[in-house]
Amino acid sequence: MSLPHKQRASGTLCGIAGIVIFSGSLPATLIAETAFAPMFLTAARTIIAAMCGLALLIVLKRPRPGPGAMRPLMVVASGVVIGYPLLSACALQHIEAVRSALWTGILPLSTALFAVIRNGEKPSRIFWLLSLCGAGAVLVYAAIQTQGGSLLGDTFMLAAILACGLGYAEGAALSRTLGGWQVISWALLISSPVMLIIALLCPPQTLAYVPAEAWCSLAYVALFSGLLGFVFWYRALALGGVARIGQLQLLQPLGGLALSAMLLHERVPASMLVVTLIVLFCVFGARRAA
């Protein structure tokens, strides 16, 4: 079904805003991991974001979601609140941020697959062909280019991508009735009791010598990656369709590569830039065919 031009444009703008915010997630996570272990980092970012989400829900006097929304919210929580942050943080223990950023090029295909399974969307054959080409370029590069990577790190990152795609597709469907910011706020709240226990069980050895950049990075992944980015992203998916808007995620590797080079001083090989350009070509073609 064709969407009105204004709705498509609004969805695209919200999607770009979300991707810009998410592009800083992996570099910020790697910086935060200089002081915090992956489990504590995931728990802490969830608790901070959940407190902010709870404040919004109280101030704006939003009612609790109905019983039918609880299962989808648990899927969202397992995918984007716990699954992706924890698995990607574990991946960054073994691979460089530039490599993990390239893996995010598979997110559109993961999101589209779950959009078909969970939401019944039916993208065209050209869409699938271009999406597979973009994802294939990433997989081939990861297989032949071992510098800065490891099998364990790549496996963690692939699992993170699958978890994220499921959370995106499920949250997009729910946001049409509940509202994007409410979806992520309730998903954070559902996760917070378990995350609080984890934070108490595995705290850092000391907080006295945690550098300022680690605290700032924790604040970023909690407030921006964990909450604000989803406000824009779930609205975009609800307005423009999961499969179509999801292709904007192919822009995320470019932002991640740039930030990794600037903030972490990691080298970006020319071959990685070529793969990124191939992926960008696929995104524009797939968006037109969706």
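This is a predicted model: local features need pLDDT of at least 70, side-chain atom pairs count only at pLDDT 80 or more; totals for chains, interfaces and linings use all residues.

User: At what angle do α4 and α9 cross?

Analyst: Roughly 75°, and the axes come within 8 Å. Helix α4 covers residues 70-91 and helix α9 residues 180-201. Helices here are DSSP runs (H or I, at least four residues), and strands are E runs of at least two, numbered from the N terminus. Axes are lines fitted to C-alpha atoms, for helices over the stretch in contact, with angles from 0 to 180 degrees between N-to-C directions.

User: Parallel or perpendicular?

Analyst: Roughly perpendicular. The classes are under 35 degrees for roughly parallel, over 145 for roughly antiparallel, 65 to 115 for roughly perpendicular, and oblique for the rest.

User: Which residues make the contact?

Analyst: From α4, they include Met70, Leu73, Val80 and Ile82. From α9, they include Val183, Ile184, Trp186 and Met195. Contact means heavy atoms within 4.5 Å.

User: How many are nonpolar, polar or charged?

Analyst: The α4 and α9 contact has 15 nonpolar residues, one polar and no charged. Ala, Val, Leu, Ile, Met, Phe, Trp, Tyr, Cys and Pro count as nonpolar, Asp, Glu, Lys and Arg as charged, and the others, Gly among them, as polar.

User: Now the cores. How many residues are in the largest nonpolar core?

Analyst: It has 62 residues. Val80, Ile184 and Trp233 are among those with the most contacts inside it. Helix α8 (residues 151-178) gives the largest share, nine residues. A second, separate core has 15 residues, including Ala32 and Val210. A nonpolar core is a set of buried Ala, Val, Leu, Ile, Met, Phe, Trp, Tyr and Cys residues joined through side-chain atoms within 4.5 Å. Buried means under 20% relative accessible area, exposed over 50%, partly exposed in between (1.4 Å probe, protein chains only).

User: What does tryptophan 233 touch?

Analyst: Leaving aside neighbours within four places in sequence, its contacts include Cys14, Phe22, Tyr168 and Leu248.

User: Where does UniProt put the transmembrane regions?

Analyst: The unreviewed UniProt entry lists several, including 72-95 and 126-144. Such annotations may be inferred rather than shown by experiment. In the model, 72-95 is 83% helix and 0% strand, with end C-alpha atoms 32 Å apart. Residues 126-144 are 100% helix and 0% strand, with end C-alpha atoms 27 Å apart.

User: Helix α2, how many residues are buried?

Analyst: Eight of its eight, at residues 25-32. Pro27 and Thr29 are among them.

User: Serine 110, buried or exposed?

Analyst: Buried, because its relative accessibility is 3%. Serine 110 sits in helix α6 (residues 107-119) and touches Ile161, Leu162 and Gly165, not counting residues up to four places away in sequence.

User: And lysine 61, what is its phi?

Analyst: Near 55°, a positive value in a residue other than glycine. Most residues other than glycine have a negative phi. Lysine 61 lies in the loop between α3 (38-59) and α4, and is exposed at 73% relative accessible area.

Notes:
Residues are numbered from 1 along each chain as its sequence is written. Side-chain values use heavy atoms; hydrogens and water are left out.
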